[in-house]
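Dear colleague,

I am handing over the structure that we discussed, and below it you will find my notes on what turned up. Please read them with the coordinates open beside you.

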Amino acid sequence: MSSKLEQLKQMSLVVADTGDIEAIQKFQPVDATTNPSLLFKAAQLPQYRPLLQAVREQAADASGSSEEQLAHCCDLLAVAIGRRILDLVPGRVSTEADARLSFHSQASAERARKLIGLYEAAGIDRKRILIKIASTWEGIRAAEQLEKEGINCNLTLLFGFAQAAACADAGVFLISPFVGRILDWYLANTKLRIKTAEDDPGVQSVSRIYRYYKQHGYRTIVMGASFRNCGEIEALAGCDRLTISPQLLGELAADRGEMPRRLSPESKHEVEQPLHLEEAEFRYRNNADAMVTEKLASGIRNFVADQVKLEQLLKNTRD
């Protein structure tokens, strides 16, 4: 029998959740995703040292203050790593806009256009890029406008159903509902005990979103993300896409057990009525769910913290 990874590839599009070129070469995913945390890790790898130096020199030639040059350097690095990944994957790479812009629609859209411009200047078609933006109300509005301009978006840090419903109504290309971080919150804040993967609230959340999208014909792609173990992945086999860390990709590749399909567009479930939210109701629903509120806030804080670390790394390289 083939490995569980190979079986999974027959049901879901497998995406590598890493900026590590060697891992991407090893597991041969269709797409890859990056974020500030992954870029910071990748930037510390020895093979990226020449790349850091190159983008530093390129950014130094740009006009603007030292802070603006540093921000530009980070964008150049994200695009440079994205280009290397695109040499290895046949599909797309997700590149994240600065998380500090998560509550500013116009600024998020402007940063997305800049990143796309850098890719296109390097000869990369925008159809191979997804711009990652946090699933705040402002982020969703930015993505709605960008999609109209032909810039496809990946709405990340998605923890609640209201976020997913709003993304679908906005015509977002893809969402990344987080699985493991939802589980983390429930384990830390409730007495929940997990006996099977189906008991996992993160798995339940993504399954609900997937069914809702298929029932109502939404074209937005569901890409499960942030997995803590292979059981979560197996419970979502058949989801449109799954973005998986190198460690878990390795575990799936080494496992020769059977992996049945769990999600399918043809599966019959009770129909959930469409949910069309205005801003006030969207904010209220998120606020009413402590898990969504806390995980979205901490997710943005953590991405910003790693963005700052990346900037400091580039600054030290420059100095």
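Leaving aside the neighbours within four places in sequence, I244 is in contact with L8, V14, V15, A16, D17, F227, I233, L249 and L252. Please bear in mind throughout that this is a predicted model.

Helix α5 is mostly covered, since 15 of its 21 residues are buried. Its length also agrees with expectation, because at 1.5 Å a residue the 21 residues of α5 should span 30 Å, and the end C-alpha atoms are 30 Å apart.

The strand that holds I244, β8 (residues 241–244), also contains R241. Is R241 buried or exposed? With a relative accessibility of 12%, R241 counts as buried. The side chain of R241 is joined to that of D31 by a polar contact of 2.7 Å. Not counting residues up to four places away in sequence, R241 touches L13, V15, D31, F173, L174, I221, V222, M223 and G224, and V15 is likewise among the residues in contact with I244.

Turning to charged pairs, the count comes to 22 salt bridges. One of them is formed by the side chains of K4 and E234, at 2.9 Å from N to O. K4 lies in helix α1 (residues 4–9) and E234 in helix α11 (residues 230–235), so this pair ties together parts that are 230 residues apart in sequence. Both partners, K4 and E234, are buried.

A second salt bridge brings together the side chains of R100 and E311, at 2.5 Å from N to O. This pair, too, links distant parts of the chain, with R100 in the loop between β3 (93–96) and α6 (105–121) and E311 in helix α14 (residues 290–318), 211 residues apart.

The salt bridge between the side chains of R283 and E279, at 2.9 Å from N to O, is a local one by comparison of sequence positions, because the two residues are four apart in helix α13 (residues 279–288) and so are separated by about one helical turn. R283 is partly exposed, with a relative accessible area of 34%, and E279 is partly exposed as well, at 36%. Elsewhere, salt bridges that share partners join D75, D98, R100, R111, K114 and E311 into one network.

Helix α7 (residues 137–148) has twelve residues and reaches 17 Å from its first C-alpha to its last, which is close to the 16 Å expected at 1.5 Å a residue. Its buried residues are W137, E138, G139, I140, A142, A143, L146 and E147, and these pack against α6, β4 (129–134), β5 (153–158), α8 (161–169) and α13. After α7 comes G150, whose phi is positive, near 80°.

Finally, how many disulfides does a search of the whole structure find? The search finds zero. For C74 the closest cysteine sulfur is that of C73, and the 6.2 Å between them is too far for a bond; C74 itself counts as buried, at 4% relative accessibility. For C239 the closest cysteine sulfur is in C167, 14 Å away, which is again too far for a bond, and C239 is buried, with a relative accessible area of 0%.

With best regards

Note on methods
Residues numbered from 1 in each chain as written. Predicted model: local features only at pLDDT ≥ 70, side-chain atom pairs only at ≥ 80, totals over all residues. Heavy atoms only, no water. Salt bridge = Lys/Arg side-chain N within 4 Å of Asp/Glu carboxyl O. Buried < 20%, exposed > 50% of the residue type's maximum accessible area, 1.4 Å probe, protein only. Expected span 1.5 Å × (residues − 1). Contact = heavy atoms within 4.5 Å. Disulfide = S-S within 2.5 Å. Polar contact = N/O pair within 3.5 Å; in protein donor to acceptor, adjacent residues only side chain to side chain.
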